[in-house]
Every structure is written in structure tokens, then in C-alpha cells.
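This report covers a predicted model. It takes up a sheet, a helix, the domains and the chain contacts in turn.

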Amino acid sequence: MPKMNMVEALNLALDQNLANDDRVCVLGEDVAVDGGVFRVTKGLLEKYGEDRVIDTPLAEGAIIGAAVGMAVYGLRPVAEIQFSGFTLQAFDQIEQNMARLRHRSHGRYPISMVMRAPYGGGIRAVEHHSESREAYWAHTPGLKVVIPSGPRSARDLLHAAIDDSDPVIFYEPKALYRAFREDVPDQPQKIAIGKAQIARQGTDITLIAYGAMMRPALEAAQDLKDLHSIEAEVIDLLSISPMDTQTLVDSVSKTGRCVVVHEGPRCCGIAAEIIARINEHAFEHLLAPIKRVTGHDIHFPYFQCEQHYLPDADTIIEAANETLQYE
Amino acid sequence: MTPSAPELAVKSSHIPRRPKITPPKPRKDISTPTIALGEIPNLQILNEKGEISDPSHEPKLEAAELLRIYRAMVLTRKLDTRMLTMQRQGEMGTFAPGMGQEATQIGQIYPLTKKDWFAPSYRSFGAQLWRGWTIEGLMLLWAGFFEGFEVPEGVNDLPFSIVVGSHVPLAGGIAIGIKQRRDDAVVVTNFGDGAISQGAVNEAFNFAAVYKAPVVFVCENNGYAISMPTDKQVATPDLARRGPGFGVPAIRVDGNDVLAMIVATTEAVQMARAGDGPSLIEAVTYRMSLHTTADDPKVYRRDEEVEQWQAKCPIARFEKYLMNKGLLDPQAIGRLGDECEQEVLEARTRFRERAKAKPREVFDMMYEELPPELEQQKREYLAKLDRKGVQ
């Protein structure tokens, strides 16, 4: 089984889907000849030709609008927006057409397409290259939003996203693109969008995270065990919308304590939604208020300060300790 | 007693004097080329009196075809008028009348076949009817019933979107798909003069040109974007010239001349089908009625202006042409008008039979399959309807 980083795993997923389904095509800025600025689409042009691996003019709104039109025509486009900060240029097309056309057409035109975009901090980038705005899309009816946390989940989730009959926002934690390698089997594991994964079993507290925040969450869980003999259960959300409420509720019903971690701003962030759902379904099991470890409600700091802004294992451990000591 | 004027007026002494601008002298050391805008061709075949003004372009259509076109324009007008009455009587929601734009509407859609695609703006009754949308469907839609949006079987059209110009990139996307599949279908999309200012429309021009996508852009310049006249919307003397800047060939057509619209669109569709890429047709027409039924045009335009355009009515003009050809007489005109009116009234009956809100279906068509959280919300919502006794 080859060990791959996330870029290679995503490339494999695109390659296999292009090979297996001639409706699948890839479009975006610099995706063809250049192979994408992060090289996720490297080599695809040579294999599948310029009709299916399409370099586009620099206009994010038209990339998404064109992809929606292609989906109406019956293709399965995978559109890349070079950085998630530029998806805001396409906000209107995402909200007006990508999310709504199935509904507006009374079911005639299901929009089976994927919008891929690298998101999140940690790569010492310029303004608009580090944001985590997944909450915008989770707030938009008609979309699905998924975020992998490593090479394997990236590959399996991208297969699931391309297969899906509804439009999927696929956010790639760019800090993880080349951060580590995992075994990636030849064939994808079939996973359903909307399912979380228990990344580590535990009984004392639940840590919920996704994307690049899975690594500090898992590191915190290991330290909690090594230093304090605390058994933390770590949940990898994977699907932001729809959200796997059941897995979250089951875990917190068992542990009674919970910390939610994400990079994005706190106000109306994904943690707020998670906490609301736990309150609705597992309130009587709670032993302490749920803590949030998130980005702050400020613009993402310029990169010399980003390591202080981003949640880390220490902050998660502190929050876990406060939760554990609550009486 | 006359109240004394409040001291609001700025005293003239407070107004800063504008410095006199001396135009810069042309440089002698650098010889500049002439920077200029290109010329755009114009097309009119039928003048305002219903006479052929350009015999070389008069299409050789059979009598039955000419009468079919005329009838479609009359039916469009009848529907428009009836919908306005229904709206004033409280039976219709806010809608966008298209009176005066019938020639533009029918002309742009005439050359399309069933396999072709149409991505309309919201002011597109005539073209939608021609494509196969039903009158009662359009009534349902504008009266706020979701099922009106259902695209009829066998019709390759997008349901219109309300955000101005936002559907135009989709037309380009469909055309890119057509090209990828080596299909020989084409796409026609229309939008108004206001939409020409939207980024989405300009991005769509560029995409279509870069990919030589088989799409025809029809800009219905009806003089106003709500209250904003076209000459304040843009600084250019026409809208067609937006095309060549993107590599999209363009023509400016008398949009109240249905023959000119048919000829221009036929050529544009042929170009697209032959693989020669997109084109832009600016149809110069006039919104004789309201922007929407919530609009009062008296605020921003003079009655005399409207009267001038009434004299250019696209239906009256085509009627004269057909009468001169001996294809229509006053009795036939009356009979055809009554027939169309009857068709609209019969559709209104069907509309009334179907005009029942279905609040239990609001969660439908959101996703292929409702996620568990939405299933839960749906149960809560249906329980609320049950408590209130809503069926």
C-alpha cells in the first residue's frame, strides 16, 4: 500500500474519477498546464486532455457559474478555487445557482458538482490565504460541506463528493497538504457524506475537531493520557454539513464533557452549532459547560503572528482541564 | 403667513471656486496613435411604418410561419395584460411585465430547436411560451406557487433567476459542456441593459469567447433598469460594443422589428452551431409598461417618451407588414386576438384549479435525500402544521 501525502491522495482521487466516469471534468485557474498551485491536479491534463482538464480565466464567479452550467448539461465538474479566500468572489454563484438550482428547477437539474478550495492557516501566506469560512457554506441551504483531516480521508471524501448528487464544498486544510503521509489503498473506501469518525476512543471527555485541527486535538488527547491519565475521545467531524449529530451526542452522553476545536472565528462558528445540538440532545448527560477552542473574531493575523492565533494542543489541554475540573 | 426659509442654502461665498483647467498641450516628442472605439453594425428590416427598409435581409418565411410568429407576439401581449389585471385584483404576485418587448422575445428564440438551450431572464414570457412553458405554469410561478417553476418535459430551459445577470455564466457553462461533448446544440441567454453592468455577465462574455462556446447573448436594452436610463447605466452610445472587447462579435438590432431579430439570431445561432463561438445581440426596445407591478414609472420618465415608443409598437408594425402582404385583415386580427385572449382565460381557469399552496412540500427538492437534521426539522414543521390544522 503506497504511502501518500494529501496532495497525492487528492490527485489519485481525481485521476480515478476522471478515468472511471467521462462526465467528470476538472476546471479552475492554473489547474491544467501548471497542475494547480499546490500540484493537486498535476499530470491530469496529459492524461485526459484539455476538454476535461480546463484552465480557466481568472474569474471565480464565472468558474462556479460555468461549473453549474456544466452540471445542468449533465457533466460532473470539479471546480478548483485557488484559495478559499477567493471563493467570496463566487459567493453569488454559489448561493444563487450552485445551492439553489435543484430546488429552483423543481428537481429537474440536480447540481452534482464539487467546489474544491484550500483553506485555513499555517503556511505563512499573505492576506486572504489563511481564512476558515466553512460556516458561511454550512449556513447556506442546499450545499454540503466536507473537510478531510489527512491523505486517506481526503481521498475517500473526494470520491464521495464527486459521487454525490448534490453540490459539495470540499475544503482542503492546506497546512496538511504535505504535512504527513498515510497508507492509501488502491481502491477508495466507500464513505457516506454526513458521517463523523471516532479517531480515538475514550471515556472521560470528548474532543471534537476537523481538518488541520485534528492533529493538535489528537496530540492533546495523547498528552492528557500520558500526563494526567485522562482518556479523551476524539471525533473527526469530516462532514460539516450535514453534521453527524448522532455520533457527537452518543460520545458526549458517554463522557459528559466536551471541547470543540476549530480555526475559524468563534461567533456563529461550527462549534456554536455543535454545542447547540449537544444541548438539545444530551443536556442531561452534561457534567460541565462545553468549551470552545477556536480562532478569534478578528481578521486572520499576518503570518508572523499566526502561530499564536491558531489553536494548539496546549490550549486544548487547558480547556479540557477546565472542563474536567468543573463541579 | 409664509414661513421664513430655513438657512439651509449654502451661501455662494462658501462654494469653493473651481480652478480653471488648462488642457495640456499635446506632446511633441511622442507621436500618439488614434485611440478609438470600433463601429457596431445596425440591423433593421421593417421600419416603424411596417415597410421593408432593408430588402436584402428580408427573410423568406412562409405565410404560416409569419402568422405563427405574429400569433406568438399577440399571445404574449394578452398574457401580459391579463396578468397585470390579475395582479391588480390581488390574484397575482409582483411580476415583471414585458409589454413592448414581444418582437425581441419571439425573434431571439425563433431559430432554436428543441435540443437547444435557453437561459432566460425574468422578463421572458414570450420566449418561455414559445419554448413550451405553459401559461398556467407562468401564472402559478408569479402567483407564488413553487410548482410553476417546474421545467416542462422536453424543454431544455433554465428556470430564470431573480438576481440580475446571475444566470448568464450558467449559459456559458452549458455551452462549454455542449462543446466538450461535440454536441451541436446552442444556448441562447437573455438579460437586460442593467445586467450589462454586472460582473457575472462580463465574466460570462469572456469565458464564452475564450472557449468559443456556442452561446448567443441577447441583451434586451429596454431603456431602463427600473428607474435608471441606459445612458446613465453606461458611458458608451450602445451596449453591443461590450462584445468585441471580449472577442465576442456583436450587432445592434431594432428590437421592435421581429424580422430583424429573427435574422440576427439565426445568424448568431448558425455561427455558434458551426463552432465559430459566441456572439452578442443588442436588441434596442422599450419597456412600455412597468419594471414590476410595484413600480411607478411616472417618477422617472415622461408620458411623451412612452407615447413616442407606442408608435413603434412591435406588434402593430408586424401587423402592417402582414396586412401589406395580404396575410391579415382587420377581421383576422380581431379573430386572432379573441382566440389568444380565450387561450389565456382558459389557462387562467386551469391556474385557478391548481392555485393551492402546498405547505407540506416546502422541504422537497432541497437535496436528493434529506439529511437526518433536516428530517427532524421537517417533522417539527409538519407537527406545527398539524397543530394549526393546515393541510
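## The sheet of chain B

Six strands of chain B form an open sheet with parallel pairing, in the order β1-β7-β8-β4-β3-β2. Strands are DSSP runs of E of at least two residues, helices are runs of H or I of at least four, and both are numbered from the N terminus. Two strands pair if DSSP finds at least two bridges between them. β1 (42–43) and β2 (117–119) of chain B stand at the edges; each has a single partner strand, so one side of each lacks a neighbour in the sheet. β3 (187–192) and β4 (215–221) of chain B pair in the parallel sense over six bridges. B:Asn190 has B:Val218 in β4(B) as its bridge partner.

Helix α2 (102–109) of chain B packs on the sheet and touches β2, β3, β4 and β8 (279–284) of chain B. Its direction makes about 160° with that of β3(B). Helix α9 (258–273) of chain B also packs on the sheet, touching β1, β4, β7 (250–254) and β8 of chain B. The direction of α9(B) makes about 170° with that of β8(B). Axes are lines fitted to C-alpha atoms, for helices over the stretch in contact; angles run from 0 to 180 degrees between N-to-C directions.

## A buried helix

Eight of the eight residues of α4 (135–142) of chain B are buried, so this helix is largely enclosed by the rest of the structure. Buried means that 20 or more other C-beta atoms, placed from the backbone, lie within 10 Å of the residue's own. Among the buried residues are B:Glu136 and B:Trp142. Their cover includes α1 (63–88), α3 (125–131) and α12 (330–354) of chain B. B:Gly144 follows α4(B), with a positive phi near 90°.

## Domains and chain contacts

Chain A is divided into domain 1 (3–183) and domain 2 (197–325), with bounds from an automatic or database assignment. Their C-alpha centres lie 27 Å apart. 25 residues of domain 1 contact 21 residues of domain 2; contact means C-beta atoms, placed from the backbone, within 7 Å.

Between chains, 35 residues of chain A are in contact with 33 residues of chain B. α3(A) gives the largest share of the chain A side, 10 residues.

## Numbering and confidence

Residues are numbered from 1 along each chain as its sequence is written, while chains are lettered from A and ligands numbered from 1 in the order written. In this predicted model, local features need pLDDT of at least 70 and side-chain atom pairs count only at pLDDT 80 or more, whereas totals for chains, interfaces and linings use all residues.

How values were computed
Contact = placed C-beta atoms within 7 Å. Buried ≥ 20, exposed ≤ 12 C-beta atoms within 10 Å, placed from the backbone.
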